[in-house]
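I opened the model to look up a few local features. My notes follow.

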Amino acid sequence: MYRYDEFDRRFVTGRVEQFRDQVARRLSGELTEEQFRPLRLMNGVYLQLHSYMLRIAIPYGGLNAARLRKLADIAMKYDRGFGHFTTRQNLQFHWVQLKDVPDILSELAEVEMHAIQTSGNCIRNVSADHFAGAAVDEIADPRPYAEILRQWSSLHPEFTYLPRKFKIAVSGSAHDRAAIQVHDIGLQIVRDGAGGLGFTVYVGGGLGRTPFIGRKVRDFLPEAELLGYCEAILRVYNMFGRRDNKYKARIKILIHEAGVDEIRRLVEEEYAQIRGGRLTLPKAELERIAAYFAAPDLADLPERSQAHEQALAADPAYRAWVERNVFPHRRPGHAIATITLKAVGHVPGDITAEQMRVVADIAERYGHDDVRVSHEQNLVLPHLRKDDLPQVFAMLQQAGLASPHAGLITDIIACPGLDYCSLANARSIPVAQRIQERFADLRRQRDIGELKLKISGCINACGHHHVGHIGILGVDRKGEEFYQITLGGSGDENAAIGSIVGRGFSSDDIVDAVEKIVDTYLALRLGPEESFIEAFRRLGEAPFREALYAEAA
């Protein structure tokens with residue numbers, strides 16, 4: 001994990017004191033809300049329906065025990081005892097008081113955390129694969145590159161006031177667990193024919209009002225040219241991105257209107273000038289940053305574990321958890337475990353202070369002090385000994401964190417929706433909870449198999465509904481909440497935007513509609529081995545639309 005140097009500490013603590021003064025002037029009335037708004041947004045402070053919300057940056061999803069315990073302390077001292085993990089690998093506190101925010105930021109700085117650039121028209125929190133440094137299929141660890149991009153983009157003088165917000169994601173494996181193709185810049189680590197490291201570069205992905213899958217602009221960008229090429233993309237966007245209409249200001253719209261070939265030409269021209277100025281990534285600096293992410297000192301262990309295998313044989317609950325939530329590790333005798341924050345009836349992505357402390361204890365005792373946040377609103381323990389898995393499970397189970405449903409229909413991604421957000425026009429949390437309750441039977445979930453269900457409470461798509469196998473979008477219709485369904489979306493290496501299947505459903509009818517979709521899949525699949533998304537791609541939307549709207553016809 002990256003550790004702050006003296007510059008980082010001065011930078012973050014200086015920003016805290018600067019914002020403390022700005023908050024004092026707002027509270028005294030010296031600043032109006034209109035004047036204060038851009039200042040608070042630069043520090044991750046939103047004004048939501050019922051209170052201020054603070055969004056905390058978790059670069060590339062990296063946490064440790066000290067940071068988790070600090071988040072738990074803040075939740076108890078300044079909020080209502082819980083936090084909410086987002087699809088951007090951030091954490092949000094939804095009930096903070098403005099007067100307390102400078103003190104919260106000061107406490108965060110003690111554990112090398114901040115809220116800088118978690119909002120505003122700037123380069124946001126850089127995200128990455130939550131299995132980084134542990135995955136069997138990893139080509140290279142994406143975190144050093146994400147950290148370099150974070151340092152480069154923090155208060156970059158050219159990119160502090162972009163036409164609109166800008167998001168970057170990095171994947172280190174062929175299987176994309178970071179949803180890079182729905183980011184403004186998506187970077188896929190690859191090797192060229194000679195074995196050299198570099199990146200396939202995608203530009204112009206994004207969801208929201210007008211969803212697009214990113215367009216490939218470079219098959220192979222050499223590792224040393226990462227910053228120069230990203231700077232060229234940002235400069236082109238800064239020059240030509242629209243500023244007259246915020247709904248058309250994202251780089252995806254620029255590419256859509258100008259064409260990917262023209263944008264590629266402009267980027268390459270800009271990059272040729274930058275390259276002439278020698279903006280390259282020094283090997284020594286890359287090695288220095290990479291050293292912060294060196295693999296922990298993992299023991300040499302046999303692949304098989306007697307304690308693990310005995311627990312599998314004796315405990316059905318443990319066996320179910322391992323089958324869905326535990327993944328292969330690159331080192332023998334080790335494993336990766338996903339902690340789903342989606343227990344049936346709970347709010348997706350929420351975690352209590354007590355649960356944070358349990359995860360911190362586990363990470364410190366068994367997990368080499370390493371915890372990750374995934375873009376699917378879950379936590380990950382990337383470095384566990386198989387010998388320790390039964391004890392880890394027992395601790396998670398006692399804390400209510402051992403739901404064995406990672407990737408199943410109840411592992412729902414959902415934004416806070418109209419329960420919190422001033423932009424939302426429909427509730428997403430109650431719908432997610434009702435769907436979870438309808439499909440609560442674990443045997444039924446396992447029979448259905450992998451199914452990514454995602455819900456957003458408005459067109460901004462913070463719940464990533466566009467790339468859900470089943471996506472649900474809440475809309476307002478004359479003061480009533482209705483829910484539009486999309487099918488066939490995907491956020492992995494086969495990224496796709498889901499298709500709208502027809503008119504929306506009322507709040508009363510949406511859960512029945514989801515059940516009809518699932519029942520149609522079960523009736524038409526070739527067998528249990530054919531997943532929902534595979535069946536949809538084979539069948540198309542017609543049979544699902546017919547099942548949903550047959551009675552109305």
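How much space lies in the second largest pocket? I read about 680 Å³. On a 1 Å grid over the protein atoms alone, a pocket is an open set of points with protein on both sides within 12 Å along at least five of seven lines, and a cavity is a set where a 1.4 Å probe fits but cannot get out. Lining residues have an atom within 4 Å of a point. Points are joined across faces, edges and corners, and a volume is the space filled by probe spheres set on them.

Source notes: this is a predicted model, where local features need pLDDT of at least 70, side-chain atom pairs count only at pLDDT 80 or more, and totals for chains, interfaces and linings use all residues. Residues are numbered from 1 along each chain as its sequence is written, and side-chain values use heavy atoms, with hydrogens and water left out.

**Pocket lining.** I found 31 residues lining the second largest pocket. His175, Arg177, Glu376, Glu450 and Lys452 lie nearest its centre. Helix H17 (532-539) gives the largest share, three residues. (Helices, H or I of at least four residues, and strands, E of at least two, are DSSP runs numbered from the N terminus.) By class I noted seven nonpolar, twelve polar and twelve charged residues. Ala, Val, Leu, Ile, Met, Phe, Trp, Tyr, Cys and Pro count as nonpolar, Asp, Glu, Lys and Arg as charged, the others, Gly among them, as polar.

**Cavities.** I searched the whole structure and got five cavities of 30 Å³ or more.

**Serine 153.** I then checked this residue, which sits in helix H5 (residues 143-153). Is serine 153 buried or exposed? It counts as buried, at 5% relative accessibility. (Buried is under 20% relative accessible area, exposed over 50%, partly exposed in between, with a 1.4 Å probe and protein chains only.) A polar atom of its side chain lies 3.3 Å from the backbone oxygen of arginine 150. Beyond neighbours within four places in sequence, serine 153 is in contact (heavy atoms within 4.5 Å) with Gln117 and Ile123.

**Strand S9.** Six of the seven residues of S9 (residues 197-203) are buried, so the strand is largely enclosed by the rest of the structure. S9 pairs (at least two DSSP bridges) with S8 (residues 185-191), antiparallel, over seven bridges. Glutamine 188 stands opposite threonine 200. Five residues separate S8 and S9 in their hairpin, and glycine 195 in the turn has a positive phi of about 90 degrees.

Methods
Polar contact = N/O pair within 3.5 Å; in protein donor to acceptor, adjacent residues only side chain to side chain.
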